[in-house]
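Okay everyone, thanks for coming. I'd like to walk you through one structure today, so please have a look at it while I talk.

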Amino acid sequence: MRASKQRFLSIAYPIALLIACCSLASVQASTVLQMSFTEVVGSSELVFEGRVIHRESRRAVDGSIHTFVTFQISEIVKGAFASDTIELRFLGGQVGSRGLQVSDMQMPELGETGIYFVETLRDFQVNPLVGWAQGHYLIEELGNGDTVVTTVNHEPIDSVEAAASAAMTMPQTIISKGVAQGVTLRRGLASNASRGLSAGQFKASILEIVELSQ
């Protein structure tokens with residue numbers, strides 16, 4: 001089993017057990033372990049650039065609530081997908097008066113554009129993005145028409161380590177704070193992202209890691 005899936009399943013099953021007891025609640029997730037950016041890329045079946053065009057929460061037969069997010073794909077960076085749209089399912093959401101919120105879950109918002117690292121296209125995951133926020137990046141437009149890639153918290157990314165050394169095994173005690181190891185942030189510019197990696201530069205770093213792994 002891949003390292004990323006092992007990290008993910010360590011939180012998925014405790015949440016699934018809690019769902020049986022909660023019809024209206026905030027589910028406290030177990031810890032999400034930090035990964036290297038190389039691990040995030042390597043653990044992704046599909047990496048794509050796209051825009052969120054639809055988002056809808058629905059109740060399942062067992063009473064659990066899931067949010068279905070539809071993306072318009074503009075570019076496949078890694079992997080293959082036949083359609084130009086893709087729907088990903090996240091645990092949690094709001095349906096009428098009933099809601100379910102998973103702690104530390106940051107779902108893609110309607111209208112956002114970003115680069116998304118999908119772990120698998122076959123099995124259901126609490127969060128289908130590798131490492132949760134570690135596999136979720138936004139593309140923000142600057143005033144001059146250029147773009148900058150940021151974290152989900154709108155922190156511009158200054159650089160990405162694409163060297164083979166970034167694939168080092170992460171200690172199991174390091175807890176993720178939403179940023180993979182090897183991703184350097186440009187601190188203090190969250191409200192005015194005037195500098196940082198462009199979408200093209202960020203995708204080039206991903207491709208470099210893919211090439212190094214082959």
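I'll go through confidence, then the sheet and its helix, then the salt bridges.

So, a word of caution to begin with: this is a predicted model. The mean pLDDT of the chain is 83, and 77% of the residues reach 70 or more. There are stretches to treat with care, though. Over residues 8-22 the pLDDT stays under 50, and the model has 27 contacts beyond four places in sequence for that stretch. Residues 189-193 also stay under 50, with six contacts beyond four places in sequence.

In what order do the six strands of the open sheet sit? Reading across, you get S4-S3-S2-S7-S8-S9, and the pairing is antiparallel. At the edges you have strand S4, residues 85-91, and strand S9, residues 147-150, each of which pairs on one side only. If you look at how neighbouring strands sit against each other, they are turned by 35° on average, ignoring direction.

Let me zoom in on S7, which covers residues 113-118. On one side, six bridges join S7 to S2, and those two run antiparallel. As one example of a pair there, Leu46 has Val118 in S7 as its bridge partner. Is S7 mostly covered or mostly open? Mostly covered: five of its six residues are buried.

Now bring in helix H3, residues 199-213. This helix lies across strands S2, S3, S7, S8 and S9, and runs at about 15° to S7.

How many does the structure hold? There are seven. I'll pick out a few, and start with Lys203 and Glu49, whose side chains meet at 2.5 Å, N to O. Lys203 sits in helix H3 and Glu49 in strand S2, so this pair ties together parts that are 154 residues apart in sequence. Both Lys203 and Glu49 are buried.

Next up, Glu109 and Arg55, with their side chains meeting in a salt bridge at 3.6 Å, N to O. Glu109 is in the loop between strand S6 and S7, while Arg55 is in S2, so here the parts tied together are 54 residues apart in sequence.

Glu87 lies in strand S4, Arg58 in strand S2, so the pair ties together parts 29 residues apart in sequence. Glu87 counts as partly exposed at 43% relative accessibility, and Arg58 counts as partly exposed at 32%.

One more thing before I stop.

How values were computed
Residues numbered from 1 in each chain as written. Predicted model: local features only at pLDDT ≥ 70, side-chain atom pairs only at ≥ 80, totals over all residues. Heavy atoms only, no water. Pairing = 2+ DSSP bridges. Helix = DSSP H or I, 4+ residues; strand = E, 2+ residues; numbered from the N terminus. Axes fitted to C-alpha atoms, helices over the stretch in contact; angles between N-to-C directions. Contact = heavy atoms within 4.5 Å. pLDDT = per-residue confidence, 0-100. Buried < 20%, exposed > 50% of the residue type's maximum accessible area, 1.4 Å probe, protein only. Salt bridge = Lys/Arg side-chain N within 4 Å of Asp/Glu carboxyl O.
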